[in-house]
Amino acid sequence: MKNSRRWALRGVVLLYVGVLVGLPVLFLVLKAFSHGLGAFFAEITRPEALSALKLSLEVAAVAVPVNTVIGVGAAILVTRHHFAGKRFLDTIFDVPVAISPVIIGVALVLAYSRIGWFGAPLATWGIRVLFTPLGIALATMAVSLPYVLRSIVPVLLEIGTDQEQAARTLGAGRLRVFWHVTLPSIRWAVMYGVTLTLARTLGEFGAVLVVSGNISGVTQTLPIYIFDSWDQRFDVLGSYAGALVLALMSTLVLAVLALLRRRERKLSVDLA
Amino acid sequence: MSPAPSSWRRWPSRLSLPLLAGGGGALIVSYLSLIVLIPIAALVSHGLSVSVRTNGTGLEFWRWHVSIGLGAFWRAVTAVGARKAIWLSLWLSLSVASINAVMGVAIAWVLVRDRFIGKGLLEASIDLPFALPTIVAGVVLLALYGADSPIHVDLFETWMGLMMALLFVTLPFSVRAVQPVLASLDPEIEAAARTLGAGGVRTFFLVVLPSLWPAVLGGFGLAFARAIGEFGSISLIAGGIGRTTTASNYVYNLTQGFLWNDAASVSTALLLISLFVLISTGVWSRKYQRRTL
């Protein structure tokens with residue numbers, strides 16, 4: 001490519017990404033600290049902010065393990081077994097991330113809240129879904145469903161079944177093969193999927209907003225708190241501060257993902 | 001490694017499968033039903049006003065009457081607000097996916113073929129919108145393009161603001177779909193075209209672009225699907241006026257007024273659009289990429 005054209009293309013690309021991503025992120029940092037470090041820490045240590053962070057972490061502590069177990073199980077099911085409806089099962093996993101999160105929220109309300117299908121029987125058992133942490137957990141589990149599965153399936157397909165078969169012929173039981181042969185070879189992929197799931201659970205907004213009812217201190221996750229600060233309480237600084245905290249978490253997530261990708265590449269070299 | 005006999009490939013399903021895999025399978029299907037299938041069935045059934053009645057006491061299927069109230073669905077979906085919101089989402093998503101399809105190729109090109117100091121930063125900036133929670137993306141854009149914009153570009157409650165937010169969140173899909181394919185292209189083919197007298201632009205359009213098409217279209221589909229359902233990043237910059245209410249915002253506003261049945265109807269329409277995109281993208285990628293499952 002001619003040098004002038006190369007420079008022009010580079011310039012256009014840097015300008016586009018800079019205006020779209022770089023500068024806005026820079027200004028988020030500037031605005032969060034615009035009233036000084038003290039004001040920033042005062043904002044992120046408000047009781048509402050802390051209880052929102054706590055709820056976010058609690059929901060993640062439920063959703064991530066559940067979706068990890070389900071994801072690993074489903075990945076082994078679709079790569080190692082033959083059964084009718086496999087394609088369907090595989091597609092269902094993608095549905096929650098392919099549709100608007102708001103739709104997930106509405107769907108959960110119409111299924112499990114007082115106005116929904118199972119609201120009345122659930123209420124007699126004392127289970128409420130709308131405006132409760134339970135509803136938030138369900139919504140979060142739905143939107144973070146496919147990440148573990150999608151991370152593992154390519155690796156499972158690539159490593160094939162030779163080693164598992166060898167272990168079986170040597171007399172290992174199914175569980176033993178899973179723990180000692182399958183799991184060690186997919187562990188980085190599992191970690192990758194877990195990291196993606198964690199990122200999505202901590203950041204989920206739309207689905208949670210619909211089911212949570214946005215009750216300060218009770219059903220506010222960190223993203224809802226950021227929205228509420230901006231939209232309802234007009235506490236712009238609180239919003240910037242909370243957003244910066246979540247953005248730093250995402251940066252950490254990105255770093256872990258990059259590290260795991262390097263591991264995964266090394267792993268595939270080892271296999272070859 | 002020697003290829004295993006074909007009977008071996010099916011080996012796992014032959015031995016003691018049913019108990020363990022069957023139990024695990026049942027658990028997975030129950031879980032999927034709980035958090036995906038039942039809620040979506042409830043949504044569609046409310047959206048289409050499906051009512052099931054029985055005129056007898058038995059469970060025989062001919063005693064059951066299933067009726068669908070398409071009238072309510074149609075009224076909810078063609079209400080002025082709903083029509084405007086769906087239309088806005090459609091044209092915004094189409095434009096955003098198109099702009100990022102073009103920019104995605106340019107960015108992927110620079111990432112693959114160009115070398116300069118700070119390229120790592122560009123690489124990280126592409127992933128950032130994917131990792132950032134959507135509400136954070138919204139706040140990030142308002143920090144620069146909001147009402148108190150430090151550079152005096154106020155995009156609050158404008159379609160330009162919505163577009164910036166959608167371009168932001170769909171950027172990684174468009175770039176990452178193209179980048180690996182571009183990286184796998186053999187530069188010698190381009191060199192051959194150049195030695196045969198083709199210029200740089202001609203080589204790009206006649207040699208490079210034809211092999212990139214499937215990837216570009218795949219990225220277009222992903223970006224479109226993401227944009228049409230996007231909510232978090234645009235909910236703040238859209239403000240509260242009808243002109244910038246997208247389909248997702250419209251559904252959310254309905255739920256705030258407790259109009260759950262209308263919300264279900266509009267959601268059902270959106271669901272159909274999204275599933276159409278999901279399936280056609282899937283069909284597309286199966287057609288052009290080797291995918292083994």
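Domain bounds in this description come from an automatic or database domain assignment. On that basis, chain A of this predicted model is divided into domain 1, residues 1–32, and domain 2, residues 35–271. The C-alpha centres of domain 1 of chain A and domain 2 of chain A are 32 Å apart. Four residues of domain 1 of chain A and six residues of domain 2 of chain A take part in the contact between these domains. The side of domain 1 of chain A that touches domain 2 of chain A comprises three nonpolar residues and one charged residue, with no polar residues.

Chain A contains 13 helices and zero strands, and its elements, read from the N terminus, accordingly run α-α-α-α-α-α-α-α-α-α-α-α-α. Along the principal axes, the C-alpha atoms of chain A fill a box of roughly 75 × 65 × 30 Å. Chain A has 272 residues, of which 47% count as buried. Among the contacts in chain A with a separation of 6 or more, 75% are accounted for by residues 24 or more positions apart.

Two residues in the loops of chain A were examined for their backbone geometry. Most residues other than glycine have a negative phi. A:Phe131, although not a glycine, has a positive phi of about 65 degrees. A:Phe131 belongs to the loop between helix H6 (119–124) and helix H7 (133–143) of chain A. With 17 other C-beta atoms within 10 Å, A:Phe131 is partly exposed, since the buried class requires 20 or more such atoms and the exposed class 12 or fewer. A:Phe234 likewise has a positive phi, of about 55 degrees, and is not a glycine. The loop that holds A:Phe234 lies between helix H12 (222–231) and helix H13 (236–271) of chain A. A:Phe234 has 9 other C-beta atoms within 10 Å and is therefore exposed.

The contact between the two chains takes 75 residues from chain A and 74 residues from chain B. On the side of chain A that touches chain B, helix H1 (residues 3–32) of chain A provides the largest share, 18 residues. By class, this side of chain A consists of 52 nonpolar, twelve polar and eleven charged residues.

One helix pair across the two chains is formed by helix H5 (residues 101–112) of chain A and helix H11 (residues 247–256) of chain B, whose axes come within 9 Å and cross at roughly 30 degrees. Angles under 35 degrees count as roughly parallel, and H5(A) and H11(B) are therefore roughly parallel to each other. The crossing in which H5(A) passes H11(B) is left-handed. From H5(A), A:Val102, A:Ile103 and A:Val106 meet B:Ser248, B:Val251, B:Tyr252 and B:Thr255 in H11(B). The residues of this contact divide into five nonpolar and two polar, with no charged residues.

In chain B, the domain assignment gives domain 1 (15–73) and domain 2 (79–288). The centres of domain 1 of chain B and domain 2 of chain B, taken over C-alpha atoms, are separated by 34 Å.

H7(B) passes H9(B) in a right-handed crossing. The residues of H7(B) in this contact include B:Leu166, B:Val169, B:Phe173 and B:Ala177, and those of H9(B) include B:Leu212, B:Gly218, B:Gly219 and B:Arg226. By class, the contact of H7(B) with H9(B) has 13 nonpolar, four polar and one charged residues.

Technical notes. Residues numbered from 1 in each chain as written. Chains lettered and ligands numbered in written order. Predicted model: local features only at pLDDT ≥ 70, side-chain atom pairs only at ≥ 80, totals over all residues. Helix = DSSP H or I, 4+ residues; strand = E, 2+ residues; numbered from the N terminus. Contact = placed C-beta atoms within 7 Å. Nonpolar A, V, L, I, M, F, W, Y, C, P; charged D, E, K, R; others polar. Axes fitted to C-alpha atoms, helices over the stretch in contact; angles between N-to-C directions. Parallel < 35°, antiparallel > 145°, perpendicular 65-115°, else oblique. Left-handed = near helix turned anticlockwise from the far one by under 90°.
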